[in-house]
Amino acid sequence: MIARIKQKSPLFIKISFYIALLIIVVAGAVAFKTTKNLSKSSDLVVETYMVNVQLEQILSYLKDAETGQRGFIITNDSLYLEPYIKSRESINNSFAELKEFTKENDFQQNKLKDLSSLIDKRLNNFERSSSFSINNNLESPKFNPVFFEGKELMDAIRIKIGEMIAHQKEELARRQEDYKTDVLLTPIFLFFLILVSIALVLLAYYRITKDIESLKSYNEALETFKESANQSEIISKHGNWIWNIEENSYTYSDNLFRLLGEQPQSFKPQLDTFMSYVHPDDREKLEEDVKDMMENEHLPFVHFRIIQKSGNIKRFKSYGQTLELDGVKKLIGTTADVTDEFESFRLLEERNAELERNNKELSAFNHVASHDLQEPLRKIQTFLSRLVDKESDNLSKNGQLYIARITNAATRMRLLIDDLLQFSRTNKAEKVFETANINLILEGAKQDLAEAISDSNALIAADTFPVMRVIPFQIQQLFSNLISNSIKYQQENSIPKISITYKRIDAIEEDKLIKPKKEHYHKLTFTDNGIGFENEYAEKIFVLFNRLHGKNDFSGTGIGLSICKKIVENHKGYIFANGTPDKGATFEVYLPI
Amino acid sequence: MKIFVKFDLHSVCTKVLENTLNNSQIKHTMLGFGEVDLHGSPTEETMEKFAEILSEYGIEIVQDQKSILVQKIKDTIIDMVFNDDNNLHVKSSVYLSETLDHSYGYLANLFSEVTYTSIENFIIIQKIEYTKQLILKGNLSLTEIAFKLNYSSVAHLSTQFKKTTGITPSSFQRIIAKRKELLK
Amino acid sequence: MNENYINVVLADDDEDDRLFFSEAFDELKINTKVSTFNDGVFLMDYFNSEEAILPEVLFLDLNMPRKSGLECLKELRANQKFKDVAIAIYSTSSSEEDVENTFVLGANIYIKKPNDFKSLKKVLSDVVTLNWQYHTNGLNKDNFLLRL
């Protein structure tokens, strides 16, 4: 969005403005021209009018003069000659005006010349006619032709004036024709142009407003972001800095100052000042790193300590990356105070080490205890057997019975210790993982149980397994325990059938796997047709020494499945049991890939 | 530089016997199964010297009849088991009595009297021995070995192997392999 | 089985076990001469000495003071002189891997100390008999592995 504003909008606005300007100029020119024409037309109208007026005036004056003269002729009273005397002057004035008005028009000028000579003749005629009256010579036969000449002259003047007026009218009409279309279209054209330029201006205005809006909101967002960045700096204890590469100047955020134990912006950000806070032991390396930063224009993660003025030592972690904005290269960096993390990590490591030690001790104890308990027990059993062999004749019936009971108890104890030992071994063993051929391991388990398998005629059907990263001995034990269980808990009068299937699954698909640590798992399913169990015990059967049957019904101490669970846990996997009484049992083993 | 050797004890012994006979200049015919027909009657001195040389190789001249027969039984069994054109598919009791021309009962009693073990046991030991060799050779699968030695199934072979030695065939293989690794 | 007797040696620091061992051989019909050592160092001193009569079978307990059974095993198997001695590890229960490991290191036999006397006699008898079979029939002693 900003890019568009940066590149396309200014261009667009510039262009619209120039176009609008151009349009206005063009419109102005056109308007000017039309106005000029219009004024020319109106001038012409005025001229025509004036010419008409003046010509009428002249005619009127002449008529006045004529009337005056006629009056004088009739009355011989010089009173009636007033208009005649005045008219001369007026006619001259009018004439002068006319000459002025028509000075552009050659045709009219010529006509005027004609008119002028006619008027002079008429005025002359007035004189002659008047002189007859003055001389009381009205009866003279010369008077009528002179008087009649006067009338003829008047007619001629009228005609001339008529011609002039007609000509003027013609001129006017012609000019009207000429400029009629202009006058009609120009306003429309101008109106249109103005509309267009208004439209452009509106468009540009709209665009500018929009751009301003978005810039405003961007700015707002930036402001908000800046504020939240400031806050996040405070919360997460880091500060930002900018190295202006070209100018070699630094800018520190407020919090960077606080991290150094100073007030925000309390000194000018400079490399040396910063270095003065750095722990003397770390200074050399950091200076190296800064040198590299200046060369490569990149700062990879660096760790160093600083000592605040108060004496507190803090651990810092810095990182910087170059950013180019408008052709200016800046290195934007972050420095975080990781003292707490470092401390927590150290504590965690310590605790972990302690836990591991404890665990190892417990395991070792477990193992040693089980192992060492075997010795005395074995002695007890062996000596008991010697007693039975050699001395039973010397024993009373009770004595023999007691020895038998002791032997039983010792045997039971032996079983328990054997199992405990096996369990502790599963725990104690160094967890060495190998990429192993699971099919071979299964083969090994089957061979181990060869006798049990052949005695019970058990049928074992297995899929082909891929190689897996496992602890081979433990997985063999797992197979062995599960298979021997299936054989042991077989249904009467039925051949044990065991099937082991394989499927590669995604952890998400299996609901049983709560918080799986890996994405994919190997799923091995052991199904048998034995006596099964109630599903409510599905979890209990994995508990140490937990049995669902009395010790006389089936042999065993109930540790087999606990060992299976421990083995599966060693591999960071899962095991689930499912049973249907008198139908069979299913064990699902998940091992991470 | 280390090399590994395998040897056929039978041929080694026969060769040694021959060489010794030749070196002692005793005219003879090899009859197989540890039997040699000496031409003429060598002197006691020659025989003594001969016996001495043989004893250095751990070879004994069997004196009494019973021991001789027992040795024959053993040799027959070994041949029966280790020979590639296999006679294991015939019942061993039948095979023995036919080959040695005595009743099986007599042979069995004699054998236990002298060796303190039964013929069956001896046969089993030999079969397991051969199984070990075949496993180490590596070119036959356990199923093929089981068939070759006339076991009804791999499980049967595994069972007997484990019963006799206490370990499974795969464990055996693993152990020998690891021993070789160790020697490197 | 033999006009001669079979020489058998036991190295075990436990007095009771040595007692069981000797009594068991006493009761067996096999002609045996039994010697016992209660410590690995004494054992190796004897074996390395000039007058040593090497046994057919040596029974080695793993947990012995001063020198453990495994150390003795390694030393013995490193020496060609003792290659004809069948070595049986005679021990209380061990993990599968440990058992296999003793074989890998050169033991021929692994015996888990039985819990009653009868079993002990049977075990010892089996060992001696089988070993003698190997011996008389020229079977490959390298492949002689037995676990009881």
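Predicted model: local features only at pLDDT ≥ 70, side-chain atom pairs only at ≥ 80, totals over all residues.

**Stop 1: chains B and C.** Select both chains. Their contact takes 24 residues from chain B and 23 residues from chain C. About 2,000 Å² is buried between chain B and chain C, with carbon and sulfur atoms giving 57% of that area. Now pick Glu129(B), Ile175(B) and Arg179(B). In chain B, these lose the most area to chain C, together 26% of what that side buries.

Stop 2: Select Glu100(C) and Lys178(B) to see a salt bridge, where the closest N and O atoms are 3.7 Å apart. Five residue pairs are in polar contact between chain B and chain C.

**Stop 3: the helices of chain B.** Colour H5 (104-115), H6 (119-137), H8 (154-165) and H9 (169-183) of chain B. Each of these helices supplies at least two residues of the side that touches chain C. H9(B) gives the largest share, eight residues. By class, that side of chain B has 11 nonpolar, seven polar and six charged residues.

**Stop 4: strand S10 of chain A.** Select residues 520-528 of chain A. Seven of the nine residues in this strand are buried. S10(A) pairs in the antiparallel sense with S9 (residues 497-506) of chain A over nine bridges. Find Lys503(A), whose bridge partner in S10(A) is Lys523(A).

**Stop 5: another partner.** S10(A) and S12(A) pair in the antiparallel sense over seven bridges. Finish at Tyr521(A), which stands opposite Pro592(A) in S12(A).

Conventions: Residues numbered from 1 in each chain as written. Chains lettered and ligands numbered in written order. Heavy atoms only, no water. Contact = heavy atoms within 4.5 Å. Buried area = accessible area lost by both parts, 1.4 Å probe. Salt bridge = Lys/Arg side-chain N within 4 Å of Asp/Glu carboxyl O. Polar contact = N/O pair within 3.5 Å; in protein donor to acceptor, adjacent residues only side chain to side chain. Helix = DSSP H or I, 4+ residues; strand = E, 2+ residues; numbered from the N terminus. Nonpolar A, V, L, I, M, F, W, Y, C, P; charged D, E, K, R; others polar. Buried < 20%, exposed > 50% of the residue type's maximum accessible area, 1.4 Å probe, protein only. Pairing = 2+ DSSP bridges.
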